[in-house]
Amino acid sequence: MTLLIQRLLDGLSGGAVYAALALAIVLVFRSTGTLNLAQGEMAMFTCFLAWKLSTGLGWPVVPAIVVAMAAGFAGGALIERVVVRPVEDRPDHLPIIIVTLGLMLAINALAGGLFTVDIVRLPDVFPAGALQLGGVHLAYSTIGLLAVLLVVSALIWALFQRTRIGLHMRASVDSPESARLVGIRRSHMLMLGWGIAGALGALAAVLVAPQTFVHTGMLQGVLLYAFAAATLGGFTSVLGAVVGGLIVGVLQSLAVGYIDFIGNDLSLLVALAIIIAVLMVKPNGLFGRADSSRL
């Protein structure tokens, strides 16, 4: 029983990171109606920036993270304006998929050229050590991750449900023509959505960096888990992204611990299995809403 509880806690730690990146994916989808396959690489690039400021220039890690999130916001907005906008209003989704895929490869190469292709380490923002609870230990980093996830989730929910900007962002996707008729500048809302998602991705990257270290491929596996979390929870639900991320993290931890043939080497099979199962059984996810149209 002690081992089971420990694995559940470890799963929550990883699930918090998956949920943070899933929130960025959901945010782009809710505010623009598209999926960003380059979300992980954009976050990786900002994590390298935080590493450069922290270890190269001697900045404290918290200000370095704040600057990285600001850079993620600016980068996301710029990418939407320059790269994505020419294809995001196409009736089919193939152009945006191809563009974000190319963007993923370009950012990966750019990060290696500007920073380094070596594996480096970003200092942890949370203190080392753990709370001892009977026979299990709860790392301070896990507590910090869950606390940050709770705060960020509440802020994103409040943005969409309690602010005029959030209402405009949702209207820009749900009814673009009606939004234009009432004076909503849809182009600004789409750019804002990408910017906020870029900042969220940066936060997720710096939170996972102490575990994976910083390198050009640091979020490629994490991104698959994040997509699994968003698929499980529903691409239209902030709550779904959080719950889905935590569930995926726990399932991964249990599968690695109790299914012998999976282990750490095949743990990505868990994410793939979740994506396939949800798409077959409940395509809208646990908390997602089905699309509806007026006849």
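The following questions and answers examine how features of this predicted model are classified.

Residues are numbered from 1 along each chain as its sequence is written. In this predicted model, local features need pLDDT of at least 70 and side-chain atom pairs count only at pLDDT 80 or more, while totals for chains, interfaces and linings use all residues; side-chain values use heavy atoms, with hydrogens and water left out.

Q: Why is Phe 213 called partly exposed?
A: Buried means under 20% relative accessible area, exposed over 50%, and partly exposed in between (1.4 Å probe, protein chains only). Phe 213 has 36% relative accessibility and therefore counts as partly exposed. Phe 213 lies in the loop between helix 8 (186-212) and helix 9 (220-233), where helices are DSSP runs of H or I with at least four residues and strands are runs of E with at least two, numbered from the N terminus. Phe 213 also has a positive phi of about 65°, although it is not a glycine.

Q: What makes strand 1 and strand 2 a pair?
A: Two strands pair if DSSP finds at least two bridges between them. Four bridges join strand 1 (residues 130-133) to strand 2 (residues 136-139), and the strands run antiparallel. Ala 130 stands opposite Ala 139 in strand 2. The two strands form a hairpin with two residues between them, and Gly 134 in the turn has a positive phi of about 65°.

Q: How do you know that the span of helix 4 agrees with its number of residues?
A: The expected span is 1.5 Å times one less than the number of residues. For the 21 residues of helix 4 (residues 94-114) this gives 30 Å, and the end C-alpha atoms are 30 Å apart, so the values agree. The buried residues of helix 4 include Pro 95, Ile 96 and Leu 103. Those buried residues pack against helix 2 (39-56), helix 3 (61-88) and helix 8, with contact meaning heavy atoms within 4.5 Å.

Q: Why is Phe 261 called exposed?
A: Phe 261 has 61% relative accessibility and therefore counts as exposed. Phe 261 is placed in the loop between helix 10 (238-258) and helix 11.

Q: Why is Val 281 called exposed?
A: The relative accessible area of Val 281 is 71%, so Val 281 is exposed. This residue is found in helix 11. Val 281 and Val 250 are 31 residues apart in sequence and 20 Å apart in space, C-alpha to C-alpha.
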